[in-house]
Amino acid sequence: MKSLMKMTWMEAKLFLREPVSAFFTLIFPLLMLLIFGSIYNSQPEGVPGGTGMISPLIPSFTAMIIGVVGLMSVTITMATYRENGILRRLRTTPVSPLVVMAAQVIVVFVMTVLGMILLMVAGKLFYHVRSEGSILCFMGGMVLSSLSFFGLGFILAGTLPNARMAQIVAMVLNYPMLILSGAAWPRELMPETVQKISAFVPLTYVVNLLRGLWNGEAWGEHLLNVGVLVVMLILGVVISVKTFRWE
Amino acid sequence: MEAVIAVEGLRKVYGATVAVDGVSFEVGKGEIFGMVGPNGAGKTTTIECIEGLRKADGGKISVLGLDPQHDEKKLRKCTGLQLQQSNLPDRMRVWEALDMYSSFYESAVDWRELMSQLGLEEKRNSPFGKLSGGQKQRLFIALALLPDPQIVFLDELTTGLDPQARHAIWDLVRDVQARGKTVFLTTHFMEEAERLCDRVAILDHGKIVALDSPAGLIRGLEAEERIVFSLDGKLPSGFAESLSGEVHVEVEGQQVVVYGRNGRKNPLVGEVVNQLTQQGLAFRDLRTEQPNLEDVFLSLTGRAMRE
């Protein structure tokens with residue numbers, strides 16, 4: 001327990017010292033909100049592209065953080081740790097691989113929550129938008145989505161041969177994923193054929209679930225999204241524990 | 001001598017390559033045991049099998065009475081390891097690494113004390129990525145000492161260090177021994193093995209070709225020691241005959257070289273100096289050239305250590 005706490009604290013400091021990951025988790029989504037917010041805010045309510053567009057940005061950008069953190073941070077950190085012999089060094093101690101993985105999960109989860117809180121606070125302060133539903137429900141959806149996505153990161157890190165490969169695959173998957181899922185861009189604005197591809201992008205289910213919950217819809221209306229994410233979560237835990245390699 | 005490591009018939013094969021081919025030896029409590037040999041001789045494979053990081057294909061290994069494959073967890077608690085090609089995150093600071101690693105052990109020694117003993121006090125807040133090679137190795141030694149281990153494994157500890165840093169590390173390893181710990185190290189520097197180790201196993205192509213104390217290995221060598229000096233005058237004929245045992249003398253200008261069989265009863269240098277003084281010959285720049293472990297390796301394998 002002591003080792004988990006120390007390692008989590010250490011990983012949190014390392015996360016914040018890495019400017020790129022801290023920027024994309026905490027600052028970039030906030031900037032996006034402010035930029036889109038200022039565009040939409042100049043239009044009157046009720047007009048397409050008006051202030052009504054601001055509220056859905058918060059669940060969408062939360063989904064974006066989850067996607068980026070799960071796919072990029074987890075994958076690249078773990079793959080780099082393995083390649084550079086950082087895991088090898090840890091292996092010489094009695095520390096369990098579960099502690100190493102748990103510390104990563106806790107840190108990226110807390111950072112995701114922080115990024116989300118920044119979005120919510122900015123939304124409330126500048127645009128007076130807030131969730132139509134229960135914040136607890138929304139948080140629940142966010143926890144499920146995050147954990148399923150972190151599992152994906154561990155799977156990639158565990159199965160790709162090296163850190164360079166992990167970085168490339170994560171980047172190549174990341175950008176189309178952000179656009180196709182509707183996390184960075186309203187899916188409704190895309191052609192229908194493109195929208196069909198979205199069904200194959202895991203982040204789509206996160207966007208759907210979070211936007212629904214944010215708008216006050218019940219969990220029961222999102223069985224498909226929840227189902228997909230639960231299956232991803234189970235696969236993620238099983239495969240990432242199985243594919244964990246010290247070196 | 002109580003053995004803390006016992007290896008019998010260790011074998012490890014990678015595909016068609018036999019990396020370790022039937023290696024057997026014991027390491028006694030409290031000694032600095034060195035495994036030397038050229039790159040690719042099988043040193044790291046051997047040390048990593050003993051540490052339980054790799055699974056041996058054959059043979060028996062016992063470390064503190066434990067089987068490294070089955071009791072890996074237990075072994076981690078009472079041994080300290082420094083591995084080749086292991087790392088810390090670049091942005092982790094020295095004190096943070098020591099603090100975090102000590103949380104992995106139930107009864108770790110005080111890391112602050114270790115930090116100052118290993119001369120890392122000034123570097124306390126430096127990120128790992130900014131440390132010099134010697135400082136990194138000192139930090140790794142500190143991490144290896146955190147569990148207050150009975151055995152410390154050091155794999156290629158001084159590779160890539162400048163001579164000054166290397167000497168400083170040697171002092172540290174002697175300190176570790178003085179604390180009553182057993183040290184198992186590998187190196188491809190013959191000088192390091194000779195200066196540091198109580199006993200040395202010479203490994204070549206996965207086999208131990210010799211195992212003894214450095215002095216014992218050199219004594220067993222059919223090599224010559226050389227006494228070299230300069231003389232202002234001429235060397236009297238019959239000087240060689242005035243020395244005991246088999247010796248021969250070569251003169252080239254002012255320089256005189258006396259060759260004697262290694263491992264003779266009376267030290268050759270004493271006799272040479274005695275005779276020179278007795279015969280009233282003014283000599284200068286006298287030095288002796290002893291055979292060393294490099295020569296031992298050369299005579300055992302027919303190859304020089306460094307290609």
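I began with the largest cavity and listed its lining: Met7(A), Glu11(A), Tyr81(A), Ile86(A), Leu90(A), Val100(A), Gln104(A), Leu88(B), Pro89(B), Met92(B), Met100(B) and Tyr101(B). The model is predicted, local features need pLDDT of at least 70, side-chain atom pairs count only at pLDDT 80 or more, and totals for chains, interfaces and linings use all residues. I kept to residue numbers that run from 1 along each chain as its sequence is written, chains lettered from A and ligands numbered from 1 in the order in which they are written, and side-chain values on heavy atoms, with hydrogens and water left out.

**Cavities**

I worked on a 1 Å grid over the protein atoms alone: a cavity is a set of points where a 1.4 Å probe fits but cannot get out, a pocket is an open set with protein on both sides within 12 Å along at least five of seven lines, and lining residues have an atom within 4 Å of a point. Grid points are joined across faces, edges and corners, and a volume is the space filled by probe spheres set on the points.

The search of the whole structure returned two cavities of 30 Å³ or more. I read about 70 Å³ for the largest cavity. Elements giving two or more residues to its lining are H1, helix H4 (86-91) and H5 of chain A, together with helix H3 (94-102) of chain B. Here helices (H or I, at least four residues) and strands (E, at least two) are DSSP runs, numbered from the N terminus. I sorted this lining into ten nonpolar, one polar and one charged residues; Ala, Val, Leu, Ile, Met, Phe, Trp, Tyr, Cys and Pro count as nonpolar, Asp, Glu, Lys and Arg as charged, and the others, Gly among them, as polar.

For the second largest cavity I noted about 50 Å³. Its lining includes Arg82(A), Phe154(A) and Ser240(A), and H6(A) gives the most, with three residues.

I then turned to the largest pocket, with a volume of about 910 Å³. Of its 35 lining residues, Glu18(A), Val20(A), Ser21(A), Ile76(A) and Thr77(A) are the closest to the centre. H3(A) gives the most to this lining, with eight residues. By class I found 21 nonpolar, ten polar and four charged residues.

The second largest pocket holds about 220 Å³. Among its 13 lining residues, Val105(A), Leu147(A), Phe154(A), Val237(A) and Ser240(A) lie nearest the centre. H10(A) gives the most here, with five residues.

**Sheet in chain B**

I traced an open sheet of three strands in the order E2-E1-E4 (chain B), with antiparallel pairing; two strands pair if DSSP finds at least two bridges between them. Strand E2 (17-28) and strand E4 (58-63) of chain B each have a single partner strand, so one side of each lacks a neighbour in the sheet. Strand E1 (residues 3-14) of chain B pairs with E4(B) over five bridges, and Glu8(B) stands opposite Lys60(B) in E4(B).

**Glu246(B)**

Lastly I located Glu246(B) in the loop between strand E10 (224-231) and strand E11 (247-252) of chain B. I recorded Glu246(B) as exposed because its relative accessibility is 61% (buried means under 20%, exposed over 50%, partly exposed in between; 1.4 Å probe, protein chains only). Glu246(B) and Tyr259(B) are 13 residues apart in sequence and 8.6 Å apart in space, C-alpha to C-alpha.
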